[in-house]
Amino acid sequence: MNSQLIEQLGFKLGANGLPYDVPIHPNLVHFTLGLFIMAIAFDLAGMLFPLEQPILKFFALTAMRSGFFDVGWYNILAAAIVTFFTVLAGFFELMLANPPIDMKSGWGLGAAPTMLLHGVGGILLLTAIVAMTVWRGLQRYRWHRDSARQVQWSYLVVGIVLLGILYLHGTLGAQMGDEFGIHNTAVNLLREGANPNLRLK
């Protein structure tokens with residue numbers, strides 16, 4: 001996007017091409033990933049609790065199966081909430097991107113297809129995480145409310161598949177920052193011919 005248009009909105013772009021020093025989207029992405037990974041991991045631990053019980057007893061760790069499921073539920077609920085802000089920040093920062101058009105990523109994609117796939121993929125992943133949260137809530141409060149096993153194996157399988165998709169999607173985002181230098185302060189300064197060591201002190 002044209003920097004003059006951004007300045008008309010009252011924003012002053014810094015060396016990273018953003019109106020703030022540290023990009024927000026990558027930080028929220030890692031928060032989303034951590035919450036989702038922990039949600040699936042703790043639900044899996046809850047399902048495997050009978051196998052873990054002797055190990056927990058050996059280390060004198062008092063744990064209840066329901067505690068694992070509680071952590072799984074609250075983590076996926078938090079992931080669904082945070083992901084809205086992650087996608088919102090991502091689209092704002094994507095609008096301000098000014099990537100080189102003569103480069104290809106490690107996957108052989110140009111900047112435009114990479115940005116398009118990452119943007120559309122972000123919306124689809126937000127939808128998937130919200131759907132997983134609804135599915136998890138139904139299991140917790142309706143279908144398995146009185147059961148010791150609070151989640152279904154199919155839910156965990158879908159969650160593990162989604163983790164793989166998140167990995168691929170995250171690789172696209174990493175290529176945008178690393179290979180295309182989008183909102184990468186040092187890369188932008190080098191493109192301008194400035195010395196990052198002098199400008200970033």
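## Threonine 86 and its surroundings

In this predicted model, threonine 86 is in contact with His25, Leu28, Val29 and Thr32, leaving aside residues up to four places away in sequence. Threonine 86 belongs to helix 4, which spans residues 65–95. Its relative accessibility is 5%, so threonine 86 counts as buried, the limit for that class being under 20%.

## Nonpolar cores

The largest nonpolar core comprises 19 residues, and Phe36, Ile76, Met132 and Tyr155 have the most contacts inside it. At least two residues of this core come from each of helix 2 (24–47), helix 4, helix 5 (111–143) and helix 6 (153–178). Helix 4 is the main contributor to this core, giving six residues.

Phenylalanine 36 illustrates the packing within the model: with residues up to four places away in sequence not counted, phenylalanine 36 touches Ile76, Ala79, Ile129, Met132, Gly159, Leu162, Leu163 and Leu166. Another core, of seven residues, lies apart from the largest one and includes Ala97, Ala111, Met176 and Phe180.

## Nonpolar surface patch

A nonpolar patch on the surface is formed by Tyr74, Leu77, Ile81, Phe84, Phe85, Leu88 and Tyr141, which together have about 750 Å² of accessible area. Helix 4 gives the most to this patch as well, with six residues.

Tyrosine 141, one of the patch residues, is located in helix 5. Tyrosine 141 counts as partly exposed because its relative accessibility is 42%, a value that falls between the 20% and 50% limits.

Methods. Residues are numbered from 1 along each chain as its sequence is written. This is a predicted model: local features need pLDDT of at least 70, side-chain atom pairs count only at pLDDT 80 or more; totals for chains, interfaces and linings use all residues. Side-chain values use heavy atoms; hydrogens and water are left out. Helices (H or I, at least four residues) and strands (E, at least two) are DSSP runs, numbered from the N terminus. Buried means under 20% relative accessible area, exposed over 50%, partly exposed in between (1.4 Å probe, protein chains only). Contact means heavy atoms within 4.5 Å. A nonpolar core is a set of buried Ala, Val, Leu, Ile, Met, Phe, Trp, Tyr and Cys residues joined through side-chain atoms within 4.5 Å. Patches are made of residues with over 30% relative accessible area and no salt bridge: like charges are joined within 9 Å, nonpolar side chains (Val, Leu, Ile, Met, Phe, Trp, Tyr) within 5 Å. Accessible areas come from the Shrake-Rupley method with a 1.4 Å probe; for residues, only the protein chains shown count as cover. A salt bridge is a side-chain nitrogen of Lys or Arg within 4 Å of a carboxyl oxygen of Asp or Glu.
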